[in-house]
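Subject: Structure for your review

Dear colleague,

Please find below the structure that I am passing on to you. I would be grateful if you could look through it alongside the notes that follow it.

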Amino acid sequence: MSAFLARLWIALISSTAGWSVAGRAWLASLVGDVLWLLVRPRRGVTLANLRACFPQMAEGERRALGRRLFRNIARSVLDHSVLWRGSRAAVERLVRVEGAEHVSDPANRPLILLAPHFVGLDAGGLRVNTLVRGVSIYARQRNAAWDAQLLAGRQRFNDPVLIPRRGASELKEVLRAMKAGLPFYYLPDMDNGATNSIFVPFFGVPAATIPMVSRLARLNGAKVVMAVTEMTDDGYVLHFDAPWRDFPGASVEDDTVRMNREIERWVQRLPDQYLWTHKRFKTRPPGAPPLY
């Protein structure tokens, strides 16, 4: 995407800031259906993931689920108009919170907010910043204009510490921020390659997973709270679960298996809101055939 197209896309998104949620959802349904038809590579990845994780599901069901996901992704993109341009009160109306006491309780420090890749991820991340100053790791976007807009949007409230993903130094910066009392909003479910990853099941499929949650909990005694943002008909709900009990457990591998099971629990609840468009199983165990 060129800089011109990125700025045009940003302007189009921003122009819907005054629309109702229903209006943006209507437009998103049209855009999502077009993307489902035209963006064949991501459609293929989505269906490959669904076949691997839900082998018992009929192919027609998978396709219907994938099409709903593309509509939800399109709506989440359009809803960035409020995240980027709306007042603090507008953001708070768009994204309701359940379980905020788990974040505000000083006993829950250090704290990891475990935020899997659901379509409401950015909405939840910004809403966290209205509650408390936090720290997170972010991936730089290839397009400079789009990257600058996303970064500016994420920095709107409470001056969060945003650390660009660049390698081993990230952990030291995260630990420093957590030591200062900042909750760590962590996205745990990306395939970042074999380096520093271990293979643990995700819906029964070996998935290369970085065991950072276990390592942090062992290093600094951090509590772990699931932070899942659900898209609803009238906005979003940011759900904070109670802190995990008996964590960390017997081993780093056991901890990481548990983490994936917790993510699975939410995916089963919101299957058409999980970002199946990512190549979650890109890295395969030795000798295993590729999925994509």
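Predicted model: local features only at pLDDT ≥ 70, side-chain atom pairs only at ≥ 80, totals over all residues.

The search gave 2 cavities of 30 Å³ or more. The largest cavity has a volume of about 50 Å³, and the residues lining it include Asn-49, His-117, Asp-189, Tyr-274, Trp-276 and Arg-280. Its lining comprises 4 nonpolar, 3 polar and 2 charged residues.

The second largest cavity holds about 40 Å³ of space. Among the residues that line it are Ser-76, Asp-79, His-80, Asp-122 and Tyr-236. Helix H8 (121-131) and helix H5 (80-85) each contribute at least two lining residues, and H8 gives the most, with 3. This lining divides into 6 nonpolar, 3 polar and 2 charged residues.

Turning to the aromatic rings, 12 aromatic pairs were found in the whole structure. In one of them, the ring centres of Phe-54 and Trp-276 are 5.7 Å apart and the planes stand at 75 degrees, so this pair is edge-to-face. Phe-54 lies in the loop between helix H3 (40-53) and helix H4 (59-78), while Trp-276 is in the segment after helix H12 (252-269), so the pair ties together parts 222 residues apart in sequence. Phe-54 is buried at 8% relative accessibility, and Trp-276 is buried at 1%.

Ring pairs also link Phe-54 and Trp-276 with Phe-118, Phe-202, Phe-203, Tyr-274 and Phe-281 in a cluster. Finally, the charged end of Arg-75 sits over the ring of Tyr-236, 5.3 Å from its centre.

Yours sincerely

Key
Residues numbered from 1 in each chain as written. Heavy atoms only, no water. 1 Å grid on protein atoms, 1.4 Å probe; cavity = no way out; pocket = protein on both sides within 12 Å on 5 of 7 lines; lining within 4 Å. Points joined across faces, edges and corners; volume = space filled by probe spheres on them. Nonpolar A, V, L, I, M, F, W, Y, C, P; charged D, E, K, R; others polar. Helix = DSSP H or I, 4+ residues; strand = E, 2+ residues; numbered from the N terminus. Phe/Tyr/Trp six-rings, centres within 6.5 Å; stacked < 30°, edge-to-face > 60°. Buried < 20%, exposed > 50% of the residue type's maximum accessible area, 1.4 Å probe, protein only. Lys NZ or Arg CZ within 6 Å of the ring centre and 35° of its normal.
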